[in-house]
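My entries follow in the order I looked things up.

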Amino acid sequence: MATIQASFCSASFSSASSRKTKATLYSQNFESSHLSVPRLLVNELNQRNGSLNLTATSSDLDLNPKSDNRKGSNLGDSISDSNLVQELYAIMEIVVDRIEMHNNIKAQRDNWNGLLLNSVNGMTATAAIMAGLACVSGSGPSILSLKISSSLLYMAVTGIVLVMNKIQPSQLAEEQRNASRLFKKLHEEIKTTLAIKNPVTSFDVKVAMEKVLALDKAFPLPLLGTMIEKFPQVVEPAVWWPEEEPKCHDQNMSDMFERNGWNENLEEEMKEVLGVMKGRDSAEYARLSNMVLKVNKFLAFCGPLLTGSAAIGSCLIGLPGFGSWGAAFGVVLGALGTVVNSLEHGGQVGMVFEMYRSSAGFFKLMEETIESNLKEREVGDRENGELFEVKVALQLGRSLSELRDLARASSMSSKFQQAKEECASKLF
């Protein structure tokens, strides 16, 4: 009997020891894994296992703290990339809105040009007819009413023409057309960046924003205060791109010419093309811009002068000492004013000036792009040479072989001191 009791006590002691050992092992496993569990579950486990002590927390955590850090870092990077992508999409939405705004204002200013020109020509024709009728009406109250009406119409035409010459509606419409086209181009550039570049960087967002602001500055929407000067003293090419930030370059020439699609032949080719654009294309469009500006200034001066003189001539009709000269002034000068105003605004001379100025800006942008790539000493930081050559050729309306032939011809003419006759661009 004593032996059975001893065996039972020994078994009970072994069972208790086994439970304590298991509890201790469980406790070590929980502590080593840093597992956190809800408070109710902890209390229940503590009640069942006296030797197991757990700390309750408000939420469950992953088992591996090092994995936590890696996942947190990856999560932060993905959130940052997602924010940059969202910023680019937001800029795209703004660009689409700008396109719509410029299209609407372009249509509005096209209407201004047509409606104002038709109104001016109709009023001028009516004033000239009244001046002629006043001349043949003899004397009396009828001649006075015709004279006053003709003079008032001529003065109104003079005021309207002065306003039209100041704002140049056809040039305003051309500015908005250019702005719409350039914003569409920027929209496609941002789409390309989102499609092929991974990850998107903060520099991409900064460049896109700077381009939007540069376009807003180059092609303002309001008329008052920020309107582009329509008769500048010096004609400058249109500039719609942000200024490039200066870079620090290593003055030592590297010997890595075969990297990134660049080589010595391509550099020489780009230098020759650059020289042709500066010597022929940019100079030609600067000359054309100045010529059209002079014509526009002359027409803008003559139009109000003729209609104003016609108004004075209408007032002189029937006065002693002037005879029929007053009527001649009123009718003939009014007709000449109609011709001049139709040439200026119907011919859209302001639009032609803006077109030439924008073309000069196009070549200036190409020149700056080529120069910035050639000045970049580290060829790895340049745009890919083969892609860059294709872009330059297409922008000039040439094939690659034609572009190389142009550079070769320019090099030969420079060596033999011959004048360069061919322009770089075949588009304009």
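**Fold.** I counted 11 helices and 0 strands in the protein. Helices here are DSSP runs of H or I with at least four residues, strands are E runs of at least two, and numbering starts at the N terminus. From the N terminus on, the elements run α-α-α-α-α-α-α-α-α-α-α.

**Ground rules.** This is a predicted model, where local features need pLDDT of at least 70, side-chain atom pairs count only at pLDDT 80 or more, and totals for chains, interfaces and linings use all residues. Residues are numbered from 1 along each chain as its sequence is written, and side-chain values use heavy atoms, with hydrogens and water left out.

**Burial and surface.** I looked up the buried share next. Of the 428 residues, 36% count as buried. Buried means under 20% relative accessible area, exposed means over 50%, and partly exposed lies in between (1.4 Å probe, protein chains only). The protein exposes about 24,800 Å², and carbon and sulfur atoms supply 60% of that area. These areas come from the Shrake-Rupley method with a 1.4 Å probe; for residues, only the protein chains shown count as cover.

**Contacts.** I then checked how far along the chain contacts reach. A contact means heavy atoms within 4.5 Å. Among contacts between residues at least 6 apart in sequence, 81% join residues at least 24 apart.

**Core.** Which residues have the most contacts inside the largest nonpolar core? They are Ile-190, Trp-240, Met-270 and Leu-396, in a core of 64 residues. Such a core is a set of buried Ala, Val, Leu, Ile, Met, Phe, Trp, Tyr and Cys residues joined through side-chain atoms within 4.5 Å. The elements giving it two or more residues are α3 (65-136), α5 (169-196), α6 (202-218), α7 (264-315), α8 (325-346), α9 (349-375), α10 (385-395) and α11 (400-415). Helix α7 gives the most, with 16 residues. A second, separate core has 6 residues, including Ala-134, Leu-146, Ile-317 and Ala-327. In soluble globular proteins, nonpolar side chains tend to be buried together.

Not counting residues up to four places away in sequence, Met-270 touches Trp-262, Ile-370, Leu-374, Phe-388, Glu-389, Val-392 and Leu-403.

**Aromatic pairs.** I found 6 aromatic pairs. Rings of Phe, Tyr and Trp (its six-membered ring) pair if their centres lie within 6.5 Å; planes under 30 degrees apart are stacked, over 60 edge-to-face, and the rest tilted. Tyr-285 and Tyr-356 make a tilted pair, 5.9 Å centre to centre with 50 degrees between the planes. Tyr-285 is in helix α7 and Tyr-356 in helix α9, 71 residues apart. Both tyrosines are buried. The ring centres of Phe-362 and Phe-363 are 5.2 Å apart with planes at 70 degrees, so this pair is edge-to-face. Phe-362 counts as buried at 19% relative accessibility, and Phe-363 is buried at 0%. Tyr-285, Tyr-356, Phe-362 and Phe-363 form one aromatic cluster.

**Asn-165.** Leaving aside neighbours within four places in sequence, Asn-165 is in contact with Phe-231, Ala-300, Pro-304, Glu-344 and His-345.

The peptide bond from Asn-198 to Pro-199 is cis, with omega near 5 degrees. Pro-199 is in the loop between α5 and α6. Gln-168, in the loop between α4 and α5, has a positive phi near 50 degrees, though not a glycine. Gln-168 is buried, at 0% relative accessibility. Gln-348 also has a positive phi, near 55 degrees. Gln-348 is found in the loop between α8 and α9. Gln-348 is partly exposed at 22%.
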